[in-house]
Structure formats: structure tokens, C-alpha cells
Amino acid sequence: MTRNPKRAAGETPLVEMDDVSISFGGIKAVDHVSVDLYPGEVVGLLGHNGAGKSTLIKMLSGAYQKETGEIRVNGQTVDIQNPRDARALNIETIYQTLALADNLDAASNLFLGRELVTPLGLVDDSAMEAECRKIMGRLNPNFQKFNEPVSALSGGQRQSVAIARAVYFNAKVLIMDEPTAALGPHETQMVAELIQQLKADGIGIFLIDHDVHAVMELCDRASVMKNGELVGTVEIDDVTDDDLLSMIILGKKPGEEAA
Amino acid sequence: MTDTTSQPIPERQKGNLFQQLELDLRLLGMIGAFVILCIGFNFLTDGRFLTPRNIFNLTIQTVSVAIMACGMVFVIVNRHIDLSVGALLATTSAIMAVTQTQILPHTLGLGLGNPAIWLITLLVGLAAGTLIGAFQGWMVGYLSIPAFIVTLGGFLVWRNVAWYLTDGQTIGPLDSTFLTFGGTNGTLGEATSWLLAALAAALAIWGIWGARRAKAGHGFPVKPAWAEATLCAITAGAIFGFIWILNSYHIPKRRLERMFEARGEVMPEGLEVGYGLPVSVLILITVAVVMTIIARRTRFGRYIFATGGNPDAAELSGINTRRLTVKIFALMGFLCALSAVIASARLSNHSNDIGTLDELRVIAAAVIGGTALSGGFGTIYGAILGALIMQALQSGMAMVGVDAPFQNIVVGTVLVLAVLIDIIYRKRVGAK
Ligand SMILES: Nc1ncnc2c1ncn2[C@@H]1O[C@H](COP(=O)(O)OP(=O)(O)OP(=O)(O)O)[C@@H](O)[C@H]1O
Ligand SMILES: [Mg+2]
């Protein structure tokens, strides 16, 4: 894996989260963290359970509002107040909880908040189902339950729907919070291929994953968090699996002495 | 990731008759229960229950609760509750009564019987209901006070605002044009009713075929043509049958004579005139159709169901769930005011106890109709059928001569049983 050419050329990053923090009732869930992302780059976010990874990206996706710091998209400071603002900036998110309405079918979930409508302004279910079949054909060819509420789907099938929703709308920035947690080996492989393809299309991806191997394989850089703080960001080419593991566990960058 | 074709669409599976018709089993069950109930009462009353006259009365008695039940479906699907609908009906009824009998004719000097009175009254009432509903919705959505509390408070407040506005007096008679919304005083006559039936049947068939075309256009499986045709025939048959029954209820001779006298004419010998479709029932049908379209085919409706299914997901999908709550309660308030028009016009005056216990009837109708209190599931037609079943039970028991305490005991038991059956049904079919 080569270094990202855009980053090497010193271009403006796609996304910069600069010194952002948020706390919940006195607990600093994210404590002055800075990460950035270039077009066509995959940045892994690693850390133990409760390290603050999901909370960090939720400030970018509009689910939470940051308390300090700045978020820039293409060098421009942006104010992301809610998920609509993030979507308007072409930031799409696959949440760890999947965020699906269980009582609706796959197509309704895929288009939730952005329904296709007929010329009369009525929701066009047939058109949405047709689009849903197209995208699912790419992501999970075994998927067939189009006319059932997603509560009737398996964990992996639900995850496929959430992934489809994030990639359908021409994202420029994609946030994937443990996208393969419920997937079988074949489906996981398909998501890995999807990530490669999206990367080739110039999309920037934040990938949260507990699987260090997957991160080594898919990512260009990795940022490690511990207890809400950023341990450090490293080039994947410069580190080994063990380096990443020790960063996660000990909270020290390679080369630094463990305390 | 080279395969860019869409998912193959499986061949339609052949099943039994019901599967091919794709009829909603729950709907069939409810219709079945309703029919058995009616036949049972008809048997117990020696055929007095299923007369055109009683069916006519049953229909107009159901309208007010059924209209509010439509709004309650949205409220409950959205994981809220509204305990204030009966009180809100009373307040809007009081506002309209005072407007049409005092403010407009006397304070503003339009004079009694002015043709503008009913319209202005209607607009004032509907606006008041919508505003009060929106205000309650704002407290639920933006101040995050549980709907149970807001509307429990509203229940006390609006019941007594109505009392205060009218000093507890019965106000009447109401404007004569306004009374046409009540039922018996406002029916469309036989010819217009038949015409409407034809129009409704044509629209329904057009809708069924339109949906079929849209599905076929995307290559999705559709029902066999005969099944679709059968469905059309059943729908049209039901529409024409209903109108036929309402047309068969003839205006009593005395009343007809008086109507002719009022016009200075003499009634021809042996004349028989049917009532036809009451205006209030036409309003209910319109509300039902519009609310069903909202539920199934608009973004607003889709968001109500999505939020009921998973509020967090709705929020993360960019849905403004707070504003949605305000809209739902505003719509509920609007429908309460509409029910107030019909209820007060039916009684031909505003009485202090109008709408008492309606909140419970409305919630029961929605729940018997399959609306899940946990949110996310419910249908408009179910709620209307629920209201009909409740009213049929109540009137039927009264006709049979069941003692008043037993009537309510039965209604309460039926409510609990209906929910139990619904839970068992949902478990069987694997739905949530
Ligand atoms: N809405 C919330 N309210 C209160 N505390 C929260 C909230 N969301 C997160 N936290 C806390 O913030 C910290 C970081 O949580 P976060 O979900 O970001 O962890 P994570 O790194 O994604 O963990 P995991 O790998 O388990 O998904 C945790 O201590 C968590 O308890
Ligand atoms: Mg997480």
C-alpha cells in the first residue's frame, strides 16, 4: 500500500477534526482529539471498548455536537448541528447500532429521510424497491427479503441494509463504525472489496474496527484512542500488528517507553 | 463487486385462494368478528339490529369517535398517547357554540341565520383545535414532557375551559346550516348517494389498477388478474351495498310532510324518499382516505412510522422528530374539532358533558383496530372498524336490554381480549 498521493502532495484534507472534545455528565468521552482524512484514504480508528471512537465520529455525523474544537471539510470550517447538516455535506455514516427502523422494510430504511417521490409528491415505493434491489445486488447477492420489515432480517442482513444506505447516496466521506461486526466471512470479504472500490473512487473513509488484521489490510493510517484521548496516528506501512496492539493496550506510540 | 445487476425477482409462489388474493388476515379477522357480532345481535333482537334504520343510526353514532381514532392511530404509532381528545372536543364544541349563537349573530351583528355563520364557525373551531393540539405537541416534542402527562393535564384543563366558556349551560339551538353536519339533518338523498358510490367505486378500481401497473412497471410480481378483478368486484360491491342500505332507510312520513309544508308544497300521495349518505359519514370516509394516503404514501406518514419503530434511527436519518410530534398533535387537534362539529350538530346543541369518556373510546377503537401501544404499527381502517365494533356492541346490548353496568363490563372485557388475540396473532405470523 502506497502513501496517499493527495496527502503526499500537501493538498487540503477532505475532513479535519481539530481539537474536538465532548463530555457526558463530567466524563470526557472525547478529550481534545484531532484526526484528518484525505480523499481516497482509509483511516482506521482503534481503541478499547469505551475509548471514545463512536462518540468522536458521531460529532462528524451530526448525532452529537462538539463542545470544543473545529471541524473543517475541504478546508472550510463547517457547523454540523444535526444529521441533516452532515448528509448535506455528503458525509454518510454506518452506525454501530445500525440505526434502522425495525418496522419498515429494507427499501424504506435505505431511503429514510430521502424518499423517492412521484411527480405528485407521494412516496414512490416501487421505485425505491427497484433501487434497493440494485444496490443489494452489489452488496449481498443472497439478500431476498425485500417485502418484510427489517426486524425479520438476520444481524448480517440488517448490516447490509445499513451499508447500502451509506454508499447509495454518493458519499464523499464515509464513516463505518464496525461495519462487519455481524457479517459472515464471505460478506466481510465483499465489504473489504467495497472499501477498496470506494477508495479508488476517491472517497475518504473512517473505519472503526476491532480487528487489527483488517485494519492493517484496508487502512492507510490508523488513529488509536484510549480513555477519550488520542494516543497517536501512524502510517500503516510503518508499523506491525504488534505495534498497533501495544498502542491500543498500553496507550503509547511505538518507540515511546511504556509508563 | 463486478456484478452490477439487481437482485433477481423470484417467481410468484402459487398458494391457496387467500394467499393469491393477498388479503390482510387481520382485516379479515376483524370484519369476521364484526359480522358475527351483528348477526348475533340481529338474532337476539328478532331482526331489529340489521335494519336499514339501525345501520343508519349505528353509522352516524360511530362517526365522531372514528374520526378521532384516525388521529389517535398516528399519535400511538409515534409512541405517544392523547388523553385529552374528549376534553378538546368539548372545548372546540363550546367555542363553536358560542361563536355561532352569540359572537357572530349578536356581538358582530351578523344576525341569526346569516349564511356565513356556519362557515366562519367551522373555521374558528378547526383553527382552535389545531392550535391547541399544536401547543400540546410542542410541550411533548420540544419541552420533552411525556405525552401522557401533557394530555392528562390537558384533559382537566380543556374539559373545564369548555365549562367556563359556557357557564356549564347547554347552548342551542345551533345554526341550521351547521346542523347538516350532524347526520339525520344532513343527508345527500338517493340520487347523489348513488352517484357518489359510482364515483368512489371507479376511484377505488383506478387505484387498485394503478398500484398494479406501478409494480408491473418495475417487473415486480403482481397478483393474478382474476384475483385483482375479484378484489375490485368486492370493493365495488361493498360500496354499492352500503349506499343501498342507507338509501333504503326512508324518511318517516310525518317528517317528510313537514319538509314539504316548510316549502309550502303538498306531499304527493305514497311518496317514499330514502335518506341516503349522511354528510357526517361522507366526512368520515374522506378523513379515512386522506389519513390512509398520509400514512402510506407521504413522507410525513413514513416518518411517523419510522419514528415509532426506532426514534433514534429516525433522528439519525435527519428526521426532525420534534417538529413531527407537533404536527401529529396538531392533526389530532384538528380532527377533535371536526368531531366536535359532528357531535354537537348531531345533538343539535352543545352540552356540558359532550365528549365525556371519548378519550377512552377513541384509544380503545385504535387499539382494538390493531394499533400497537409500543409504537410503529397501526392502520386507519383498523381504527375505524374498531370504533364500529365498539359502537355495535354498545347499541346492540342496549337493544337487547342488557343492564347498563354489564354493558361497560363487556366493552372493557372485549378491549382486553382484542389485544390478547392481537398479541397471539402477531406471535403466530412472526411479526413484532
Ligand atoms: N450518550 C451518552 N451518554 C453518556 N455517556 C456516553 C454516551 N455515549 C457514550 N458515552 C460514554 O462515552 C465513552 C465513549 O463511548 P464510545 O461509544 O465512543 O466508545 P467506543 O470507543 O465506540 O467503544 P466500543 O468499541 O465499545 O464501541 C464511554 O465511556 C461511554 O460510556
Ligand atoms: Mg463504538
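A polar contact is a pair of N or O atoms within 3.5 Å; within protein, one of them must be able to donate a hydrogen and the other to accept it. In this predicted model, a pair at that distance is found at B:R159, where a polar atom of the side chain lies 3.5 Å from the backbone oxygen of B:G86.

B:R159 belongs to helix α6 of chain B, which covers residues 147–166. The residue is buried but takes part in no salt bridge. Its nearest side chain of opposite charge is that of B:E359, at 5.3 Å, whereas a salt bridge calls for a side-chain nitrogen of Lys or Arg within 4 Å of a carboxyl oxygen of Asp or Glu. Leaving aside residues up to four places away in sequence, B:R159 touches B:G86, B:A87, B:A90 and B:T91, among others. The list of its contacts also includes B:G154, as well as B:N352, B:D353, B:I354, B:G355 and B:T356.

Attention now turns to the meeting of the two chains. Here 34 residues of chain B are in contact with 44 residues of chain A. Together the chains bury about 3,200 Å², and 57% of this area is on carbon and sulfur atoms. Ten residue pairs, both members at pLDDT 80 or more, are in polar contact between chain B and chain A. On the side of chain B that touches chain A, the elements giving two or more residues are α7 (189–217), α10 (279–297), α11 (299–309) and α12 (311–316). Of these, α11(B) gives the most, with six residues. By type, the residues on this side of chain B comprise 14 nonpolar, twelve polar and eight charged ones.

Two salt bridges are counted between chain B and chain A. One is formed by B:R302 and A:D125, whose closest N and O atoms are 3.1 Å apart. Another salt bridge pairs the side chains of B:R299 and A:E115, with an N to O distance of 3.4 Å. B:R299 lies in helix α11 of chain B and A:E115 in the loop between α4 (106–110) and α5 (125–139) of chain A, so this pair joins two chains.

Salt bridges with shared partners link A:E16, A:D18, A:E70 and A:R72 into one network. Over all chains, the salt bridges number 16. Among them, A:E16 and A:R72 meet through their side chains at 3.2 Å, N to O. A:E16 sits in strand β1 (residues 15–24) and A:R72 in strand β4 (residues 68–73) of chain A, so their pairing ties together parts that are 56 residues apart in sequence. Both A:E16 and A:R72 are buried.

A:R72 also forms a salt bridge with A:E70, and here the N to O distance is 2.4 Å. With a relative accessible area of 30%, A:E70 is partly exposed. A:R72 has a relative accessibility of 16% and therefore counts as buried, the cut-off being under 20%.

Conventions:
Residues numbered from 1 in each chain as written. Chains lettered and ligands numbered in written order. Predicted model: local features only at pLDDT ≥ 70, side-chain atom pairs only at ≥ 80, totals over all residues. Heavy atoms only, no water. Helix = DSSP H or I, 4+ residues; strand = E, 2+ residues; numbered from the N terminus. Buried < 20%, exposed > 50% of the residue type's maximum accessible area, 1.4 Å probe, protein only. Lys, Arg positive; Asp, Glu negative; His and termini not counted. Contact = heavy atoms within 4.5 Å. Buried area = accessible area lost by both parts, 1.4 Å probe. Nonpolar A, V, L, I, M, F, W, Y, C, P; charged D, E, K, R; others polar.
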